[in-house]
Amino acid sequence: MKKVLLAEAAAVLLLAAVMALLLYRKTPADIPLQDVRTALTKNAPLPEMEPASDMRLKRAFGLNASDFPEYLYFAPDNTMSVNEILIIKTADESQLQLITEAFSKRLSVQKKNFDGYGTDQTELLLHAKTGSDGMYAWFMVGKDAENWLKTAKSIWEVKK
Amino acid sequence: MIFSSVTFLFLFLPFTLLLYYIVPKKLKNAVLLVTSLVFYAWGEPVYVVLMLYSILLNYSMGLLMDRFPRAKKEILGFTVAINLLMLGFFKYYGFLMENINAVFHLNLPIRSLALPIGISFYTFQALSYDIDLYRGKFPVQKNIVKFAAYITMFPQLIAGPIVRYEDVEKQMDQRKLSMPRFGRGAVRFIIGLAKKVLLANLTGAIFDQVHLAGADISTLSAWTGALAYTFQIYFDFSGYSDMAIGLGDMLGFRFMENFNYPYAAESVTDFWRRWHISLGTWFREYVYIPLGGNRVKVLKHIRNILIVWMLTGLWHGASWNFVIWGLYYGLLLLLEKYVFLKWKIPTAVRRVFTLLFVIIGWVIFSSDTLPLILTTISAMFGFAKKGFADGTARYLLRSSWPILLFAAFFSLPILKKPLEKMKQGRAGVLYMCAGYILLLLLLSVSIAFLVTENYNPFLYFRF
């Protein structure tokens, strides 16, 4: 019986360690994306972009808005613009891989669209910011993409 | 990783099958384990740790039960408690805290936790091992690789069927691989893929259009949306189960059937014998029968049914609509047992009413909030904000009726016999050739859809 108790105690301790590992890794906070939207548009309107609908998200990325708890999407406001900001809050981390695939596909389609004549656009696409952190995934194209990403991260990043 | 993705179909599956078939017999479980871990980690690297813990816990507690038979009841209690604690914490913690905050007007901080994918499925599988080992149904599994391969087996890891250890115990040691079996598995996999990509995704797109409108819908839209979701969830989940069973066959395993044309059911009881059979079996074996089943007095039986169905609802997710959905079925089953089954109702009428109740059930299941459930059901029965039919409804119906009709056709057992003949190889040569050409066509069209569609999550992943 002593051995059983010891084994059970070891199982509890190990569980505590696993939980601690999972809960105290550096993870972003669950914040409403409206906060990010406000921060991004606080100083000036986003250049050559407009807020876009679920339908547009589907057309551009093949993603269903209803699959995600929240998303924020500014699409190009004219055919010659490649500026774009998409941030998705995922329901669970398993969605990230497929979202990443959707981002790569969008990027390669856009590169193909502007290849050969839109040198500025191609340059911006080459420096696109895509990635993920915890439950968030982002796709940003534009001269200020790096700053937009910094702004967004400053809202959701919480150091544990 | 999901089955209906280009990465799985063209990279993971061919590589896994090749490796699995070329390694010697004694290494097959190890290959299955390693590839399953890669499959799981692809989308959810961090939570592999939790799954490994679950494996270690259930394996070692099994060994302890075997070594100390006099303490096995206590060991089982401990193991079940830890398993449920893990499941409860990751799945229900946020829901519990939200409700505590709402009821007691508190503002306790809620840490948002990502749901480890497949946790409901693999925890139930592990529990089936622990409980049946305690009951002495099979000897303890001393080989950790075999045990881990059982828990992690990639074909059914993420969305079932929930394979009980009892059903695969012998197959973990000995399973037959043969070309006819591989072929059968491949056919089943292609059928599942086509169900998911061609029927579930297309009916899902119809449902999404209605869902986007929220409460602002007409009666016709509400019915179109409800029907579309009814077909989407069936083809999505049964498609996944077909793919899982097919993959199992390819790897030499025989998994239990999870669906049997549920929309042809003659009663709600019959529906649940045909829908998500592995979950129903699990709850019957490990909750309903231990509570006394139906061999008790009426009041206790009512209690047992309501407990089982509330748990079934909760198993699907930490949200009130799932609890309501579970209790809705509990009440329907009680009404059926104590009232309706005593009436003589023609079979056709029973089928229609069963389907109606099931469709209403899916409205509850698919609506995030109580007001949305009520407005959608009211809209379906004539109390719609936009009247009987608005422009959106007419457009939806005009553009989607062929898909809905196809979905209805394939959800009923009309092609069951010809397909069975084909599976058993009893059909004529011409018939078989036509069948295989159709399968190749289905595979090609499904892949074409997959390449153009980026995101194809299975509905049951979130459970």
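Tyr261(B) lies in the loop that runs between α9 (219-250) and α10 (268-274) of chain B. Although Tyr261(B) is not a glycine, its phi is positive, at about 45°. Tyr261(B) counts as partly exposed because 16 other C-beta atoms lie within 10 Å, and a residue needs 20 or more to be called buried.

His276(B) occupies the loop between α10 and α11 (277-288) of chain B. His276(B), also a residue other than glycine, has a positive phi near 40°. Is His276(B) buried or exposed? With 22 other C-beta atoms within 10 Å, His276(B) is buried.

## Helix α5 of chain B

Helix α5(B) is made of 16 residues. From its first C-alpha to its last it reaches 22 Å, close to the 22 Å expected at 1.5 Å a residue.

How many residues of α5(B) are buried? The count is 13 of the 16, so α5(B) is largely enclosed by the rest of the structure.

## The two domains of chain B

The domain assignment of chain B gives domain 1, covering residues 6-174, and domain 2, covering residues 181-462. Taken over C-alpha atoms, the centres of domain 1 and domain 2 of chain B are separated by 26 Å. The two domains touch: 26 residues of domain 1 of chain B are in contact with 25 residues of domain 2 of chain B.

Which elements give two or more residues to the side of domain 1 of chain B that touches domain 2 of chain B? They are α1 (6-22), α4 (72-103), α5 (119-134) and α7 (165-173) of chain B. Of these, α5(B) gives the most, with five residues. The residues on this side of domain 1 of chain B divide into 18 nonpolar, six polar and two charged.

Helix α4 of chain B also holds Gly88(B). Gly88(B) is partly exposed, since 16 other C-beta atoms lie within 10 Å. Between Gly88(B) and Leu33(B) there are 55 residues of separation in sequence and 26 Å in space, from C-alpha to C-alpha.

## Chain B as a whole

The secondary structure of chain B comes to 18 helices and zero strands. Its C-alpha atoms fill a box of roughly 65 × 65 × 50 Å along the principal axes. A compact globule with 463 residues would have a radius of gyration near 23 Å, and the 23 Å of chain B agrees with this.

Of the 463 residues of chain B, 42% count as buried. When contacts in chain B between residues at least 6 apart in sequence are considered, 75% join residues at least 24 apart.

## Chain A

Chain A has six helices and five strands. Along the sequence, they follow the pattern α-α-β-α-β-β-α-α-β-β-α. The C-alpha atoms of chain A fill a box of roughly 75 × 30 × 30 Å, taken along the principal axes. The radius of gyration of chain A is 20 Å, whereas a compact globule of 160 residues would have one near 15 Å.

Of the 160 residues of chain A, 32% count as buried. Among the contacts in chain A with a separation of 6 or more, 57% come from residues 24 or more positions apart.

Helix α1 of chain A, residues 2-23, has 22 residues. This helix reaches 31 Å from its first C-alpha to its last, close to the 32 Å expected at 1.5 Å a residue. α1(A) is hardly covered, for the count of buried residues among its 22 residues is zero.

## Confidence in the prediction

The model scores ipTM 0.72 and pTM 0.78. Chain B averages a pLDDT of 87, and 93% of its residues score at least 70.

Where pLDDT is low, the predicted coordinates should not be read in detail.

Methods
Residues numbered from 1 in each chain as written. Chains lettered and ligands numbered in written order. Predicted model: local features only at pLDDT ≥ 70, side-chain atom pairs only at ≥ 80, totals over all residues. Domains from an automatic or database assignment. Contact = placed C-beta atoms within 7 Å. Helix = DSSP H or I, 4+ residues; strand = E, 2+ residues; numbered from the N terminus. Nonpolar A, V, L, I, M, F, W, Y, C, P; charged D, E, K, R; others polar. Expected span 1.5 Å × (residues − 1). Buried ≥ 20, exposed ≤ 12 C-beta atoms within 10 Å, placed from the backbone. Rg over C-alpha atoms; globule rule 2.2 N^0.38 Å. pLDDT = per-residue confidence, 0-100.
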